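Trainee: I would like a close look at a single part of this protein. Please keep the answer in one piece.

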Amino acid sequence: MTDHDHPSGRRPVCRGRRCAALIAAGVLLPLPALTGCSDDTRDTSVATSQDIAPAPRGELKNGGTLRWAVDGMPGTLNAFQSDADPTTTRIAGAVLPSMFTIDASGRPQRNADYLDAADISTRDPKQVVTYKINPKARWSNGTAITAADFIAQWTALRGKDNAFWTARNAGYDRIAKVEQGAGAHEVKVTFARPYADWKSLFTPLYPRSVMGSADAFNDGAREQLKVGAGPFLVQKRDAEAGHVVLVRNPKWWGEPAKLKKIVLESLPGDKRAAALANGSVDVAAVDQVAAKRVASARRAASHGPKKAGDGNAAPQGDKNRAGARSDAKTVAAENAALRDYTIRKALEPAYTQLALNGSSGPLADDRVRRAVARAIDRQALADTVLKPLDLPSRPLGSHLLMAEQHGYQDHSDALGGQDTGAAKALLADAGWKSDGADRQQAGEKAGAPAPDAGRADGDEDGFDPSDDRYGDESADDRSEGEYDAGADDRNPARSGHAAPPARGDQEGVRPAAAEAPLSFTGAVGSEVQQSALLRQSASFYKEAAASEKEGADGDTESAAYAKYKRYKKRAAQALGAAELIETGQAPHLPGSGGHPGALHAAAERRADAVAAPLPAGHKEGRIAAVKKNGRPLTLRFVLPDGAGSQQLRTVGRQIATMLGKIGIQTSLQRVSDASYFQDHIASGDFDLALYSWPGTAYPATDARPIYAKPQPAPDGSLTVEQNYTRVGTDHIDQLFDQAASELDEGSSRTLMAQTDARIWAAAGSIPLYQRPELVATKKTLANVGAFGFATPRFQDIGYQK
């Protein structure tokens with residue numbers, strides 16, 4: 001969960017769309033759903049897209065408080081304002097009506113708590129949707145939910161009155177009128193233009209006391225919501241304490257909430273591991289580090305305490321022994337708390353993409369964009385992120401639907417798969433050619449790795465990724481929902497890192513830091529090992545730089561160059577091993593904070609340089625940089641610099657290495673989290689970037705602004721909506737419009753398939769993989785966890801008897 005979307009976790013203003021926000025790094029933001037199925041009856045797709053410990057209501061206690069970690073206090077309680085955020089959405093789901101909810105496969109379902117029926121009653125000459133409201137449905141002040149509430153919401157959101165500070169009006173702007181039907185509980189909505197995604201409307205539904213005036217809309221619901229109509233109500237918003245308290249709704253007509261209270265605790269992602277260790281939250285979306293700590297603590301309990309002499313014994317000396325005893329007590333206490341949790345994991349309905357800025361420079365040429373896309377091994381990148389978590393590792397083949405979503409099809413063939421030869425041909429066609437022959441070992445096949453790839457020159461027993469010792473290991477003994485840290489750590493191929501024990505070079509030169517062990521067997525030793533690995537990496541890079549300078553005459557057969565290759569390889573291995581620990585692929589020391597600091601940052605920046613093509617005269621299985629008019633093709637790859645985005649940077653370096661194999665140089669630029677999105681992505685200040693978009697049940701509406709062709713504004717600027725790659729076509733826009741107006745579901749899906757193929761062919765956005773969703777929950781909780789697409793049934797969440 002370390003991908004970077006919007007660093008602050010706040011949504012950009014989403015004019016003209018159902019505002020599906022960018023997702024903050026390392027934190028679960030979407031609000032998803034519960035089904036009544038048990039683990040035994042779930043099909044494969046649900047098993048990978050949802051993990052919520054489903055249980056019948058009869059097996060749950062009546063009462064209890066749930067402390068749920070959220071990113072921050074809600075900017076507003078009005079989900080239709082630009083200040084709305086994921087916490088706003090979560091609260092709205094618990095306290096307000098939803099006409100339709102989303103199931104685990106991403107399909108909208110009528111919510112029987114509020115609607116007895118909802119259908120298209122007329123198609124010609126105008127589309128008319130008739131809603132029949134459940135007569136029992138009423139607001140918490142006792143008044144019935146009627147057509148007046150629908151009319152007020154349409155009036156506020158239709159986009160005709162600028163006094164209402166709305167963030168989105170998509171769909172509402174297609175409505176011609178809303179009126180009462182045959183009775184007080186019937187609503188007729190007549191559309192001026194057909195709208196396929198009509199089920200997205202009036203969710204959430206606010207009372208007319210909020211939607212009835214601009215003042216109430218803009219400010220009245222910013223910090224309080226006096227009236228609701230869900231299984232819970234907002235009791236108070238306490239900004240000083242940093243939480244929002246939801247309590248049972250005594251006027252709720254449906255199945256009563258099992259929980260008495262839900263407390264949404266403002267808790268940044270980097271503080272959640274500590275909160276789990278002290279037991280102060282019950283549910284929290286976590287990153288891989290925290291998830292690994294939970295799994296390690298549970299394994300430690302089953303294996304029993306360590307004994308003296310097992311490799312983690314306390315050092316000699318009274319002071320050291322006392323400190324070790326104190327640390328051991330702290331670790332034991334934290335492990336005891338962590339054993340009360342389990343990790344729920346699924347594929348999140350969100351995907352990480354490689355964005356190619358086509359507004360100017362080399363990437364304005366679609367041939368260069370396609371060359372970049374075809375140089376990338378998307379399967380290898382998916383393996384890096386998903387295989388260590390035992391989640392399905394497959395590249396995402398659609399921009400518009402997630403892999404487990406109803407109607408999903410892989411349309412990546414419209415662009416073509418990974419093909420180094422085809423990528424080089426595209427570059428050559430665009431005028432980017434190499435000055436000389438490919439710099440590969442004699443006898444190599446074009447596009448193939450060097451025979452000694454993965455092995456340092458002169459290091460006969462160096463690490464070989466194909467070695468059977470690092471093959472897949474059995475996972476039969478893993479408990480459901482947990483990770484086998486030992487298996488992940490011993491199997492670098494699963495994690496995408498090469499991290500075997502480093503060996504001394506043939507000349508006997510070995511930095512002192514290399515004496516540190518590279519095993520990952522003990523949680524207590526992990527942070528010590530990580531620090532040693534980082535020192536070792538820095539030492540190796542220093543030696544590599546010195547030997548490279550010594551062999552600067554370009555003699556690739558010299559002893560200095562051979563030494564350079566050995567040291568650079570070992571530096572990357574040591575850094576990779578340290579990254580395994582920080583990203584949770586190895587046990588992590590509780591209470592350590594997990595930030596190795598400036599040394600790691602310096603070592604990682606040195607690793608950034610490894611991805612770039614070497615100077616002329618050096619050969620490492622890469623070709624010389626391609627050039628046009630004497631200028632090399634260099635792309636600026638902007639990546640976030642925060643601790644929570646380390647995995648994203650790892651993926652970025654892998655991509656840079658892949659591009660180096662076709663002669664494209666990359667300049668990796670790391671920028672602060674605070675400026676990453678607004679100052680670089682939204683403003684177009686990048687050539688390549690990694691960020692994520694959420695999946696949606698309504699792609700014809702929600703995805704259109706992401707891929708719409710930028711349009712010139714009257715002041716000469718370019719209106720890009722949310723298309724930050726600036727790549728679009730008129731045909732794509734037309735297909736979106738046709739799909740949004742097509743009332744036949746099958747025909748609409750066909751249009752969406754055609755749209756996706758066109759987006760692939762434009763090569764502005766390359767989907768890589770669905771993000772993993774990791775949620776720590778108390779073991780006794782049911783019907784909560786990694787929801788995936790599904791909308792939560794808050795009334796069904798509870799503690800087991």
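Trainee: Take helix α9, residues 366-375: how many of its ten residues are buried?

Mentor: This is a predicted model, and in it seven of the ten residues of helix α9 are buried, which leaves the helix mostly covered. The buried positions are Val368, Arg369, Ala371, Val372, Ala373, Arg374 and Ala375. An α-helix has 3.6 residues a turn, so residues three or four places apart point the same way.

Over the 801 residues, buried ones make up 57%. The accessible surface comes to about 31,000 Å², and carbon and sulfur atoms hold 48% of it. Among contacts between residues at least 6 apart in sequence, 73% join residues at least 24 apart.

Next, the nonpolar interior. In soluble globular proteins, nonpolar side chains tend to be buried together. Here the largest nonpolar core has 104 residues, and Trp68, Tyr131, Phe202 and Leu246 touch the most other members. Helix α3, residues 147-157, gives the most to this core, with six residues. Leaving aside residues up to four places away in sequence, Trp68 touches Arg90, Glu265 and Val283, among others. Its partners also include the run Ile262, Val263 and Leu264, as well as Val784, Phe787, Phe794 and Ile797. Another core, of 60 residues, lies apart from the largest one and includes Leu347, Ala382, Leu415 and Tyr769.

Notes:
Residues numbered from 1 in each chain as written. Predicted model: local features only at pLDDT ≥ 70, side-chain atom pairs only at ≥ 80, totals over all residues. Heavy atoms only, no water. Buried < 20%, exposed > 50% of the residue type's maximum accessible area, 1.4 Å probe, protein only. Contact = heavy atoms within 4.5 Å. Areas by Shrake-Rupley, 256 points an atom, 1.4 Å probe, with all protein chains shown as cover. Helix = DSSP H or I, 4+ residues; strand = E, 2+ residues; numbered from the N terminus. Core = buried A, V, L, I, M, F, W, Y, C linked by side-chain atoms within 4.5 Å.
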